[in-house]
Amino acid sequence: MAGIGVKLNKIYSKNTIATNLFGAGYSTLITVAPMFLVIITVLLMQYLLGFSKISYATRELYSCTVLYIFIFALLTASPFNAVLSKYLSDIIYEEKYEDILPCFYLGLFMNTILSSLLGIPFCIREYVVGKVPLIFVFAGFCGYMALMFVFYSMLYMSICKVYKKISFYFLIGMTVTVLLSLVLVYWFDVSATLAMLISLDVGFLLIASLEYALIQSYFRQNSGNYKKVLSYFKKYWQLIATNFLYTLGLYLHNFFFWTTDLKLIVAKSFVCAPVYDMATCIAMFTNISASVIFISRVEMRFHERYKNYSEAVIGGRGMDIYNAKKRMFEQLTDELMNLVRIQFIISVVVFFMAMILLPQFGMGGMVMQIYPCLAAGYFILFTMYAAIIFLYYFNDLTGALMTAGGFALVTALVSFFATQFPAIWYGIGLVAGSLTGWAIAYRRLRFMEANLDVHIFCRGTLLKKAEGRKPSGKVYDRASRGED
């Protein structure tokens, strides 16, 4: 999200209480506001349409459908976002804007194929084995594909630096969703769960259409250079694996608990663990402010130091490069430590509020037993992700892959055994995985600090790489004196 820092610097430069609050609000608007809008919309529809009065089986079918839509739309989009983001950054740096639409179309085609390969077989099973009405199955599939399109298009919206429009489009889409659900139930006598699902489909499709229209308005020329996009998938395969493993790791611990006695099977197709999933959701929101803090602080402070170092490398003296490098890593260390300190204070306050207030709303018992360990895990997880972003800054794709791979692997292994632990330790898999990933990422950052000069200045080649017959190793032939 390069570019947010310019706006934040203008806001915070006045250094008043009002501007600080406005800066925090602006950071929230461009990071987590869309997610909160969707959650508020879902809860508001349930309240207005009397969701609690519907039969338990029907409620769980709807809840599991929405849960699967979000999880698997995010998973299927994850392999493409990072590598396409790299491609777009390079294209914009080269000012070859006509190459952006080929990237958009090809990436969307690949994402659609992958999403369909996973979604269609599941929907067939849901209809044939689970005996779920065809219209409900179709509505769920449409919502899944529409949300995938939304997630995918948001990447290009970020490239256009129209972050406020993303939130505005979500506001429009979710407003239409609530109004449409009321119309379907009270005017057309559609069942509440089907009305809510259809309304979400329309809302997501509206958001995706608005995003698509904006992208088309920004990029009008199409070079047709699709081959170049494909080459990035081969060249930067580490980005594909890193983003997928990180996203998969977010849900791996949930998947393991979907196989325990906590599981709930709906329509012989959906599997979930409502108690564990609810604790996971609360724990994630306990630490979600870390995203806002990281975006604002990195964009305001570290990005400027990184830019100064890059400019010194291009045309500065050796001493300038050394000083810029030293200041950059000092700032990096400060940002990581400040993120931990600030988020720790926020998480502790939110944690105690949750422990006191949530039981009064029926979220007590085992949910509150599982919650503390998961809250600690997500605290470490968001810090680990900040370290991955810093590794991306230094183009350490190997380090980023090692971090995501270690996180996913350890989370899976420990979660497998944690299913046999007492409830208070159910979330230890996420804690162990996040700690492992954080340790790897921090070690790689220190390695980059010690070897950055080699990484920057010794990666080129004197000869152009090519495929073919190896030339002779002889570079000089001295003729004998008698042959002269």
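Student: How do the axes of helix α14 and helix α16 sit relative to each other?

Tutor: Two packed helices are described by the angle between their axes and the distance between the axes. Here the axes of α14 (residues 366-393) and α16 (residues 428-457) come within 8 Å and cross at roughly 25°. Axes are lines fitted to C-alpha atoms, for helices over the stretch in contact, and angles run from 0 to 180 degrees between N-to-C directions. Helices are DSSP runs (H or I, at least four residues), strands likewise (E, at least two), numbered from the N terminus. α14 and α16 are therefore roughly parallel to each other; that label covers angles under 35 degrees.

Student: What should I know about the model itself?

Tutor: This is a predicted model: local features need pLDDT of at least 70, side-chain atom pairs count only at pLDDT 80 or more, and totals for chains, interfaces and linings use all residues. Residues are numbered from 1 along each chain as its sequence is written, and side-chain values use heavy atoms, with hydrogens and water left out.

Student: Is the crossing of α14 and α16 left-handed or right-handed?

Tutor: Left-handed. That means the near helix is turned anticlockwise from the far one by less than a right angle; clockwise would be right-handed.

Student: Which residues meet between α14 and α16?

Tutor: Contact means heavy atoms within 4.5 Å. On α14, the residues include L374, G377, I380, L381 and M384. On α16, they include L430, S434, L435 and W438. The residues of this contact divide into 17 nonpolar, four polar and one charged. Nonpolar covers Ala, Val, Leu, Ile, Met, Phe, Trp, Tyr, Cys and Pro; charged covers Asp, Glu, Lys and Arg; the others, Gly among them, are polar.

Student: Is S434 buried or exposed?

Tutor: S434 counts as buried because its relative accessibility is 0%. Buried means under 20% relative accessible area, exposed over 50%, partly exposed in between (1.4 Å probe, protein chains only). A polar atom of the S434 side chain lies 2.8 Å from the backbone oxygen of L430. Leaving aside neighbours within four places in sequence, S434 contacts G377, I380, L381, M384, F407 and T411.

Student: Where is N243, and what does its side chain reach?

Tutor: N243 is in helix α10 (residues 237-257). A polar atom of its side chain lies 2.8 Å from the backbone oxygen of S78. At 14% relative accessibility, N243 counts as buried.

Student: How many helices and strands does the protein have?

Tutor: There are 16 helices and two strands. Buried residues make up 48% of the 484 residues.

Methods
Angles under 35 degrees count as roughly parallel, over 145 as roughly antiparallel, 65 to 115 as roughly perpendicular and the rest as oblique. A polar contact is a pair of N or O atoms within 3.5 Å; within protein, one must be able to donate a hydrogen and the other to accept it, and residues adjacent in sequence count only if both atoms are side-chain atoms.
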